[in-house]
Amino acid sequence: MTDAADLPAWAALSTAILLLLGAGLALIGSLGLLRLGSFYERIHAPTLGTTMGISCMLLASMLFFSVLQTRLVLHELLIAVLMVVTTPVTLMLLARAALYRDRSEGCDEVPPPPPPLSSTPDLHCGSPRTPMSAREAAINDKHAPT
Amino acid sequence: MSASLLTSSVFLAQILLAMACATFRLLRGPRAQDRVLGLDTLYVNATMLLLTFGIRTGSTLYFEAALVIALLGFVTTAALAKFLMRGEVIE
């Protein structure tokens with residue numbers, strides 16, 4: 001608080017606006033996580049905070065410390081790169097895990113698994129026709145009690 | 001001075017409210033994947049909270065903590081999603 005007092009007004013104002021935008025986006029994303037109906041709708045909501053929200057926060061932090069120390073402070077780019085790389089990976093893994101769990105329990109709201117590669121028989125050199133049909137039969141058996 | 005204190009408390013209140021929503025989803029999620037999603041959101045919100053603390057106090061020490069929390073959040077969510085998918089983390 002002692003350092004923030006001698007910041008010029010334009011830097012303080014733009015830092016405050018960026019922080020307000022980032023915090024508001026995080027709040028909207030978390031409200032969506034709270035309010036939306038199914039898991040597949042809910043998984044979209046927090047990405048508001050993880051992309052735009054945290055990048056606004058990091059821009060505010062970069063601007064604030066660059067003006068405060070009168071040199072270029074860019075170490076917040078580490079968090080930005082980390083978020084950009086890891087958010088799609090984790091949410092894709094989580095969505096695949098949820099889809100797998102719903103399918104293995106025979107839930108009606110998810111699409112059925114794609115058919116196995118029986119449409120391209122030349123990929124398999126003749127012999128695996130019978131294991132393929134056995135696998136199809138197993139999948140059909142798994143989906144029969146739904 | 002009191003104006004900047006007021007605005008920073010507005011940001012902190014917004015992020016704390018977002019963390020409360022994520023905690024509610026973590027505690028009340030109907031299934032396990034909802035809880036994991038709530039935990040992931042909680043990690044991201046904690047990163048943003050630490051960045052806001054760093055701007056408020058004017059010290060770059062909070063940045064290191066924010067980086068560590070972001071890294072731990074990725075590892076945690078990836079491991080939990082792998083556990084939900086396969087039944088074990090390292091196979």
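Figure 1. In chain B, 41% of the contacts with a separation of 6 or more join residues 24 or more positions apart. Two residues are in contact if their C-beta atoms, placed from the backbone, lie within 7 Å. The model is predicted: local features need pLDDT of at least 70, side-chain atom pairs count only at pLDDT 80 or more, and totals for chains, interfaces and linings use all residues. Residues are numbered from 1 along each chain as its sequence is written, while chains are lettered from A and ligands numbered from 1 in the order in which they are written.

Chain B has 3 helices and 0 strands. Its elements run α-α-α from the N terminus on. Helices (H or I, at least four residues) and strands (E, at least two) are DSSP runs, numbered from the N terminus. The radius of gyration of chain B is 16 Å, well over the 12 Å that the globule rule gives for 91 residues, so chain B is more spread out than a compact globule. That radius is taken over C-alpha atoms, and the globule rule is 2.2 Å times the number of residues to the power 0.38. Along the principal axes, the C-alpha atoms of chain B fill a box of roughly 55 × 25 × 10 Å. Of its 91 residues, 38% count as buried. A residue is buried if 20 or more other C-beta atoms lie within 10 Å of its own, exposed if 12 or fewer, and partly exposed in between, with C-beta atoms placed from the backbone.

**Figure 2. The helices of chain A.** Chain A has 5 helices and 0 strands. From the N terminus on, the order is α-α-α-α-α. Of the 146 residues of chain A, 25% count as buried. Among its contacts between residues at least 6 apart in sequence, 56% join residues at least 24 apart.

**Figure 3. Where chain B touches chain A.** The contact takes 43 residues from chain B and 48 residues from chain A. On the chain B side, α1 (2-28), α2 (32-57) and α3 (61-86) each give two or more residues. The largest share, 16 residues, comes from α2(B). By class, this side of chain B has 24 nonpolar, 13 polar and 6 charged residues. Ala, Val, Leu, Ile, Met, Phe, Trp, Tyr, Cys and Pro count as nonpolar, Asp, Glu, Lys and Arg as charged, and the others, Gly among them, as polar.

**Figure 4. Helix α4(A) against α3(B).** The axes of α4 (residues 77-104) of chain A and α3(B) come within 9 Å and cross at roughly 15°. That makes α4(A) roughly parallel to α3(B). Axes are lines fitted to C-alpha atoms, for helices over the stretch in contact, and angles run from 0 to 180 degrees between N-to-C directions. Angles under 35 degrees count as roughly parallel, over 145 as roughly antiparallel, 65 to 115 as roughly perpendicular and the rest as oblique. The crossing of α4(A) with α3(B) is left-handed. A crossing is left-handed if the near helix is turned anticlockwise from the far one by less than a right angle, and right-handed if clockwise. The contact of α4(A) with α3(B) has 18 nonpolar, 3 polar and 3 charged residues.

**Figure 5. Helix α3(A) against α2(B).** Helix α3 (residues 47-69) of chain A packs on α2(B) at an angle of about 15°, with the axes 10 Å apart. The two helices are thus roughly parallel. Their crossing is left-handed. Residues in this contact include A:Gly49, A:Gly53, A:Met57 and A:Phe64 of α3(A), and B:Val44, B:Met48, B:Leu51 and B:Gly54 of α2(B). By class, the contact has 9 nonpolar, 8 polar and no charged residues.

**Figure 6. Helix α1(A) against α2(B).** The axes of α1 (residues 9-35) of chain A and α2(B) come within 11 Å and cross at roughly 165°. The two helices are therefore roughly antiparallel. α1(A) passes α2(B) in a left-handed crossing. Among the residues that meet here are A:Leu19, A:Gly22 and A:Ala26 in α1(A), and B:Gly38, B:Thr41 and B:Asn45 in α2(B). The contact divides into 6 nonpolar, 7 polar and no charged residues.

Figure 7. A:Thr70 lies in the loop between α3 and α4 of chain A. A:Thr70 is not a glycine, yet has a positive phi of about 50°. A:Thr70 counts as exposed, with 7 C-beta neighbours inside 10 Å. A:Tyr100 is found in helix α4 of chain A. A:Tyr100 is partly exposed, with 15 other C-beta atoms within 10 Å. A:Tyr100 and A:Arg35 are 65 residues apart in sequence and 24 Å apart in space, C-alpha to C-alpha.
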